[in-house]
Structure formats: C-alpha cells, structure tokens
Amino acid sequence: MAIWFTRSRSIAYYLKRKMSFMGILNQHSCTNPYFESICSSSSSSSRITDAENSSISCHSSAFPFSVHRFESTKAAGQLDQLYSSDDESSQSLDFPGGKVAYISEMRFISESNQKRIPCYRLLNDNGELINGSDFHQVTEELAVKMYSKMVTLQQMDTIFYEAQRQGRISFYLTSVGEEAANIASAAALGADDVVLPQYREPGVLLWRGFTLEEFANQCFGNKADYGKGRQMPIHYGSKKLNYFTVSSPIATQLPQAVGAAYSLKMDKKDACAVTYIGDGGTSEGDFHAALNFAAVMEAPVIFICRNNGWAISTHISEQFRSDGVVVKGQAYGIQSIRVDGNDALAVYRTIRAAREIAISEQKPILVEALTYRVGHHSTSDDSTKYRPVDEIEYWKMARNPVNRFRKWVERNGWWSDKEESELRSSIRKQLLQAIQAAEKTQKPELGNLFSDVYDHPPLNLQEQEKQLRETINRHSQDFPSDVPM
C-alpha cells in the first residue's frame with residue numbers, strides 16, 4: 001500500500017508539472033445539480049441579512065492552488081485563464097500546487113468575515129414554509145415516516161432515561177432537541193452508506209431498522225447484546241445496518257470515516273461514509289487531521305457536526321473564536337454548508353445534496369447543523385448548574401424540532417390528533433415490553449470478558465481469568481449472581 005501511494009503521488013506530481021493535469025477551479029459555483037440553485041459564493045453570501053432567508057451558502061472546496069487529481073484533462077486548457085491577472089505584467093510564484101500571485105502591498109488575512117455565514121432553512125418556527133424557498137416536495141409516506149421516527153426517538157429517550165433513574169440501567173444519554181438532525185439526516189442516506197457515529201445519533205440507527213428490543217438489549221448488557229455486555233449503555237452498533245459501534249473517545253471516528261470512504265472509492269461503490277461529531281469534538285486533533293486527510297485524498301465522506309451550543313458545560317464561545325464550524329471546512333479545501341438542525345426538511349435536503357456531491361464528485365463535504373441539546377449531557381450531568389433554565393425552556397418549546405415538523409405534516413393533511421395519540425401509546429407499550437424482556441434475559445457468560453481479542457489467549461490472560469474465577473468463588477456474595485460462570 002505504501003508503495004502504491006508513493007507511486008501515485010509521483011505520477012500526480014509529474015502530470016501537474018509536465019502536463020498541467022489539474023482540476024477545474026470552481027470557486028464561485030457548485031457543479032452538482034442539487035446545489036446549482038442553492039449555492040452562492042462567499043462574497044454573495046455576505047449580502048444575506050434576513051434570518052428567514054432560505055438560500056444555502058455553499059463554500060467551495062476549490063481555492064487557487066487546489067488540485068483535483070481525478071478531473072477531466074479539459075482542465076488543462078483552462079489554466080491560462082484560470083491564473084491570468086488583470087495586470088499582465090504581474091509576476092507569480094510557481095509554487096508546488098499552483099501559481100501564487102505576488103503583491104507589493106502587505107495584507108494580513110482577516111481573522112473572520114464581516115458577517116456570519118447564513119443558515120439554510122425551509123420551515124419557520126411555526127412549521128410554515130418560508131416564502132421564496134427552494135423547497136422540493138417530499139412524499140406523504142416519507143414525511144409521515146420521518147415524523148413517526150422522531151416521536152419514537154423522543155419516547156425512547158424519555159423511557160430509557162426514567163429506567164436509568166430507577167437504577168435499572170447504569171447510564172443513558174438523550175437526543176432531546178436534536179431529533180430532526182438525527183432522523184432527517186438518516187432519511188437522506190442510502191442503506192449502503194457507512195455511518196460512523198459519535199454517541200448522540202441513535203435516531204440514525206432507529207431509521208435504519210434497529211428495533212426497540214435491540215436498543216434495550218444493549219442498554220441492559222444482556223447476552224442478546226451484540227457487544228456481549230462489554231460496552232456502556234448507548235454504545236450501539238450494527239454490522240448488518242452499516243453502523244459502526246459507538247466509541248467513547250471523542251472524534252476518533254472521524255479519520256476512520258475517511259479511511260472507510262477511501263475504501264468505498266477504491267472499490268467504486270455507489271456509496272459514501274457519513275460521520276457525526278459535536279461542536280466540542282471539533283477541538284480535537286482528530287477533527288483537523290480527518291478534514292485534511294479527506295480533502296487531500298478526495299474521499300467521499302460527509303462530516304456532520306451537530307453544533308448544539310454546549311460541549312458538556314463548555315459553551316461554544318469558549319470552544320472556538322471562529323464563526324462556528326462551517327468556516328473550518330474552507331480552510332482545508334472542503335465544500336461546506338450551515339443548516340438549521342431543527343428544521344427536518346432543510347436537513348433532509350442538505351444531506352441529500354451533500355451525498356450526491358460526495359458520491360458523484362468523489363470529495364468530502366462538511367455540514368454544520370445548528371441545533372440545541374435540550375436535555376442534560378447525560379444522566380451523570382445537571383445542566384442547570386451551568387446554563388439558565390429559561391434558555392433551555394426556550395429551545396424546548398419555541399424551537400422544538402418535533403413540534404415544528406408535526407405542524408407542517410398536519411398542514412398537508414397527513415396527520416391527526418388521533419394518529420398522534422395512537423402512535424405515542426403504541427410506542428410506549430412496545431418500549432416497556434422491550435425493557436421488561438431485556439431485564440429478564442440472561443447476562444453474558446463471564447468468559448466473554450477474555451474472548452474475541454486473541455485467537456488463542458496468551459498465558460497472562462489465562463492466569464487473569466483463573467484468578468478472577470477463584471476470587472468470585474471465595475467472595476461470591478460480593479459479585480452479581482445473574483452472571484453465568
């Protein structure tokens with residue numbers, strides 16, 4: 001593999017230097033048909049001042065020294081125009097990656113734009129379509145399914161949270177306030193797309209077909225849990241549903257997602273990798289390494305950042321000085337967009353467009369979804385200690401993504417109060433049954449603590465297992481009686 005990379009880079013360098021084999025610079029437009037009508041240059045986006053404006057600001061991944069290794073050779077014929085200057089006598093530096101113009105006036109790049117990057121949305125807070133929006137109608141079947149799954153996720157969080165408070169499971173983490181970012185993004189993906197989550201995306205797995213029984217089995221860590229009880233609750237995973245198991249360390253999934261995406265690219269799969277991260281995770285080195293890795297290797301991966309305002313108790317004003325997360329993509333040469341994460345329709349359309357670009361153009365996309373974590377960070381947290389209650393209530397009531405989407409579905413005549421009552425009652429009943437069954441299911445055998453790492457356990461591991469069993473036999477009253485020996 002190392003030899004292959006070395007040779008490919010040598011060939012690319014030769015082509016760039018000797019044959020001007022470079023991609024088309026596309027700094028002021030998006031070539032994908034999904035984005036043609038909704039993308040604008042960063043200069044035009046700065047003119048958008050209406051908070052209700054629904055036009056997407058799309059920040060191009062191309063910049064004066066970007067190279068698209070897999071673009072058509074027609075790019076070579078455009079190089080002269082590409083790097084031409086109004087001043088024919090101007091000189092430039094022929095630097096690796098492309099020519100850089102010289103200037104005689106010292107200029108520092110501003111630390112930020114004069115105006116914040118606008119946020120794309122289609123529905124206002126009352127669930128009404130914004131006049132002049134570029135809304136594309138979705139089917140009744142899709143809309144009702146999206147809403148039903150949002151309600152299911154909401155109910156699931158409520159009941160599992162209560163189960164933890166009753167001492168029936170050890171830990172839980174909700175997605176309250178972020179249901180639209182979960183479900184709508186999942187609805188826009190294909191079944192073959194590979195998902196590498198953080199930990200607040202159970203809705204993506206729910207959409208893909210993970211059952212309430214499977215969620216319960218994982219949280220209770222019984223023998224039906226695919227992780228054999230080795231992980232904390234909410235660390236779900238499903239090979240069948242192309243959903244990588246949740247990993248507690250922050251942002252480690254991001255560079256892994258790039259690798260998975262590059263594998264799909266090499267295999268010429270009609271799919272992409274999708275990975276999620278919170279705003280706090282963007283301060284991790286893995287976030288920056290992943291974006292650079294994806295841009296350089298032109299990997300078909302979508303980075304979805306749920307900017308929910310708080311990284312546990314750290315407010316975003318203490319997390320970064322930039323205009324959120326969306327601007328970080330441009331620095332790495334990645335096309336990026338900011339969307340209202342509480343608007344299910346906007347999220348759905350944005351991720352559909354991002355997926356089309358990632359697959360058809362074989363390159364990464366960064367999506368910043370502005371949302372809010374209404375619940376506590378986890379059952380180990382009390383968020384009222386570091387943020388005002390009225391702020392929480394505002395987002396819970398006035399900007400509730402589930403209520404907003406329900407109003408739109410109802411306006412279309414696709415939903416009624418009767419259906420709402422029946423759905424919530426049915427989900428609650430199913431959840432309680434799943435929890436009761438999971439509680440009664442036997443725990444994994446003790447030997448699972450030592451299996452599945454080595455083909456043949458080494459002597460030190462065998463000795464550890466022997467010592468553990470001897471200790472349990474001597475002090476059986478101090479160990480759980482429901483774990484088979």
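Predicted model: local features only at pLDDT ≥ 70, side-chain atom pairs only at ≥ 80, totals over all residues.
Student: How many strands form the open sheet, and in what order do they lie?

Tutor: Five strands form the open sheet, with parallel pairing, and reading across it gives the order S3-S4-S5-S9-S8. At the edges are strand S3 (194-196) and strand S8 (335-340), each of which pairs on one side only. From one strand to the next, the twist averages 20 degrees.

Student: Turning to helices, what describes two packed helices?

Tutor: The general idea is that a packed pair is described by the angle between the two axes together with the distance between those axes. Here, the axes of helix H5 (residues 140-165) and helix H14 (residues 401-411) come within 10 Å and cross at roughly 150 degrees. Angles over 145 degrees count as roughly antiparallel, and H5 and H14 are therefore roughly antiparallel to each other.

Student: What is the handedness of the crossing where H5 passes H14, left-handed or right-handed?

Tutor: H5 passes H14 in a left-handed crossing. On the H5 side the contact is made by Ala 143, Met 146, Tyr 147, Met 150, Val 151 and Gln 154, while H14 contributes Pro 401, Val 402, Phe 405, Arg 406, Trp 408 and Val 409.

Methods:
Residues numbered from 1 in each chain as written. Heavy atoms only, no water. Pairing = 2+ DSSP bridges. Helix = DSSP H or I, 4+ residues; strand = E, 2+ residues; numbered from the N terminus. Axes fitted to C-alpha atoms, helices over the stretch in contact; angles between N-to-C directions. Parallel < 35°, antiparallel > 145°, perpendicular 65-115°, else oblique. Left-handed = near helix turned anticlockwise from the far one by under 90°. Contact = heavy atoms within 4.5 Å.
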